[in-house]
Each structure stands twice: as structure tokens, then as C-alpha cells.
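Please consult the sequence and the structure shown below while reading.

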Amino acid sequence: RIRIIGTKVPVAGSDIKTNIDYNLQKVAAKEMDGKLGSVVATDSKGQVLALFSSPSFNPDDIKPSLTNPDLPLFDRAIGGLYHPGSIFKPLVAIAALEEKKIDKNYRYVDTGVVTVESIYGNYSYSNWYLSEYGGREGEIDLIKALARSTDTFFYTIGGMLGINSLDDWAKKFGLTKLTNIDVNGEQLSLVPSPDWKEKVKNEKWFLGNTYHFSIGQGDLALTPVAIHRADLAVSNGGKLCDLKLVGETKCVNLKIKPENIALVKEGMKKACSSGGTGFTFFDFTDKHNGIEVGCKTGTAETNEDDKTHAWFTVFAPYNSTTGEPDIHLTVMVEKSGEGSKIAGPIARKIMDEYFKN
């Protein structure tokens with residue numbers, strides 16, 4: 001020792017009570033073991049019930065984590081940027097209803113593909129049902145489009161809205177700001193615009209870019225906590241809330257028409273019912289004393305062929321309008337496959353744990 005440059009007397013810390021549900025956090029960790037991804041669960045006001053990034057690490061032995069290629073020290077829930085895929089569609093549906101581009105009587109005929117003719121050539125944008133199974137939905141309304149996650153429907157209403165309106169609604173749903181979660185390291189999501197594309201990529205914005213945006217693809221890149229909060233603003237009746245692990249949250253009423261909230265939530269309920277895409281929840285109501293759920297699956301393409309992020313967002317109990325669910329859960333598994341097949345079973349195990357009593 002050369003000299004003492006100062007002394008700081010230790011001060012005892014204070015106990016805190018978090019909003020975390022310990023059993024829920026444990027089951028999230030168990031179900032995500034061996035996977036890359038995240039789990040975010042909150043109540044209707046944004047109080048965090050579970051927050052998990054996988055893989056995790058042992059704080060008593062950090063050294064192995066420093067060289068692990070799976071980056072266990074990287075908090076995917078608050079710092080990872082991912083295409084959200086189809087769990088973005090409820091927000092597009094709300095925007096189209098609020099801007100009166102469609103209403104409950106709107107009908108669309110899905111032929112499996114939308115073709116755009118331009119001076120640069122003809123471009124086709126297909127529905128997943130056609131691409132994967134060769135199927136077509138035929139005539140559908142918004143409820144069935146959400147239940148079946150019909151891409152062509154959302155290409156069309158996204159084109160009706162236009163990118164400027166879509167950007168405005170992304171902003172209203174808080175996607176251009178942080179969620180204010182009380183953990184260091186939250187990153188800002190990327191919501192692209194024509195100006196952004198011109199400035200960053202030196203490219204013009206085309207209708208095809210709007211189509212991709214409308215199904216949660218293209219340059220749209222969101223953190224799991226950001227898209228969770230935005231979808232929560234649908235399930236809780238139109239309130240945009242900060243996310244907090246400790247203490248109360250602040251919420252802002254987005255003043256969305258209750259009938260529009262009800263229509264979108266009905267579509268999300270159908271997604272978790274027979275004929276929808278959320279097959280892991282088809283029997284949830286029967287197994288849990290009549291508790292109904294609403295959900296949305298998501299399978300987001302990446303820059304690697306045949307590698308997709310699996311998403312699943314679900315809330316319960318279901319109430320058609322302004323009813324506030326006890327829990328809203330969002331699961332994301334990186335480059336793992338379809339949302340319904342990969343993230344759906346994880347979401348089901350976590351929801352089963354929450355409602356087991």
C-alpha cells in the first residue's frame with residue numbers, strides 16, 4: 001500500500017419489494033433453458049411479473065460467460081432488436097379502424113398473393129398459408145384475418161393507411177421511445193420511415209416497404225419489452241404504460257374507441273380458438289375453469305434463410321372491451337421456427353403456472 005486516497009464508509013441497503021412473481025420467473029427460466037430468447041410478463045398496468053433473457057449466467061463465475069458465443073451477458077429482453085412479425089398486426093388493425101380505412105363490415109378476398117405493378121417490374125407478396133401449405137383463405141373479415149394471421153389482408157390495409165400513418169401509430173403505441181423499465185441497458189427500437197431510409201440507406205421508400213412494415217417485417221426492429229408494451233395497450237383497453245419491476249407505473253390513455261379495441265381483441269381470442277394459429281391454447285379455457293384468453297402468433301423472417309424468430313403474445317382473462325387482464329405475456333425465441341410451434345408451448349406452460357390455482 002502506497003497511500004490512502006480516501007475512505008468510504010459502507011451504508012446498509014434497504015429492502016425492496018419487486019413486482020416479480022417468483023414462481024412465474026422460475027417456470028420462465030425452466031422453459032427457456034437451452035434456448036436463445038426472452039420472456040416478458042406484466043399485469044395490465046405494466047408491473048413486471050417476469051422478465052427473463054436466455055441464456056442466463058452465474059454471477060459467481062462470470063468468466064465463462066465472457067467467451068460464450070450465445071452472449072449470456074446480453075439482455076435480450078431489453079436490448080435485443082428483432083423483427084416482431086405478426087404480433088405487430090394488432091397495432092396495424094387498430095390503426096386501420098381508428099383512421100376509418102376499414103370497419104367491422106370490411107371484407108377481403110384472399111387469393112394467396114398480392115401483386116404490385118410498377119415501372120421497375122411486377123412484385124408479388126404472398127400469404128404464409130399459400131407459401132407453406134398452398135392454401136387460400138377466401139373471403140374474410142378483420143377478426144378472421146387476425147385469427148388466421150393473413151398477410152395479404154394486412155398488406156392491403158397497410159397500403160390503405162400509408163407509411164406516414166403507420167409511423168404515426170407506431171409512435172402512439174410508444175415504439176419510438178423507451179418503456180422506462182427500471183433496468184439499465186434498454187435500447188431504442190427502430191421504426192423506419194421514408195426519411196430514415198433516404199438518409200441511412202440512400203434509397204427511396206416503395207409500396208413493398210409499406211407491405212413489409214404492415215406485417216412486422218422489413219426494417220422494423222423492436223425490443224421484446226417495446227412490442228410487449230404496445231400489444232399490452234390493446235389488451236388493457238388502450239392504455240400505454242411504463243414497465244416497472246419495482247413500484248407503481250404510469251399509464252396514458254390513447255383514447256382508442258372501445259368498439260375498435262373489442263374487434264381486435266375478438267380476433268386475438270379467435271387466434272387461440274379452434275381454427276386459429278395459436279393451437280397450444282385451444283383447450284386452455286376447458287382446463288382452467290372457463291378462463292378465456294386472447295393471443296397472437298408471430299413468425300418473423302431474418303437475414304438467414306429458413307431461420308425465423310418465434311413469437312407468441314397472450315393475455316388472460318379475456319374481456320372484449322376495456323377489461324384489464326391479470327397477465328399479458330410475450331415469448332420470443334431467436335431463429336428457432338414458427339411462433340405457434342416453438343414459442344406457443346412455452347407461453348402455455350407459463351400461463352398454466354400462473355392460473356394453476
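## Disulfide pairing

When the bonded cysteines of the protein chain are numbered in sequence order, they pair as 1-2, 3-4. The structure contains 2 disulfides, a disulfide being a pair of cysteine sulfur atoms within 2.5 Å.

The model is predicted: local features need pLDDT of at least 70, side-chain atom pairs count only at pLDDT 80 or more, and totals for chains, interfaces and linings use all residues. Residues are numbered from 1 along each chain as its sequence is written, and side-chain values use heavy atoms, with hydrogens and water left out.

## Cysteine 241 and cysteine 251

The sulfur atoms of cysteine 241 and cysteine 251 lie 2.1 Å apart in a disulfide. This link of cysteine 241 and cysteine 251 is right-handed, with 110° about the S-S bond. The pair links distant parts of the chain, 10 residues apart: cysteine 241 belongs to strand 7 (residues 239-241) and cysteine 251 to strand 8 (residues 251-253). Strands (E, at least two residues) and helices (H or I, at least four) are DSSP runs, numbered from the N terminus.

Cysteine 241 is buried, at a relative accessible area of 1%, whereas cysteine 251 is partly exposed, at 34%. Buried means under 20% relative accessible area, exposed over 50%, and partly exposed in between, with a 1.4 Å probe and protein chains only.

## Cysteine 272 and cysteine 295

Cysteine 272 is joined to cysteine 295 by a disulfide, S to S 2.1 Å. The link of cysteine 272 and cysteine 295 has 130° about the S-S bond and is right-handed. Cysteine 272 sits in the loop between helix 12 (258-271) and helix 13 (284-287), and cysteine 295 in strand 9 (residues 294-301), so the pair ties together parts that are 23 residues apart in sequence. Both cysteine 272 and cysteine 295 are buried.

## Packing of helix 1 and helix 14

Two packed helices are described by the angle between their axes and the distance between the axes. For helix 1 (residues 22-31) and helix 14 (residues 339-354), the angle is about 160° and the axes are 9 Å apart. Axes are lines fitted to C-alpha atoms, for helices over the stretch in contact, and angles run from 0 to 180 degrees between N-to-C directions. Helix 1 and helix 14 are therefore roughly antiparallel to each other, a term for angles over 145 degrees.

Contact means heavy atoms within 4.5 Å. Helix 1 contributes Asn23, Leu24, Val27, Ala28 and Glu31 to the contact, and helix 14 contributes Ile346, Lys349, Ile350, Glu353 and Tyr354.

Note on methods:
Angles under 35 degrees count as roughly parallel, over 145 as roughly antiparallel, 65 to 115 as roughly perpendicular and the rest as oblique.
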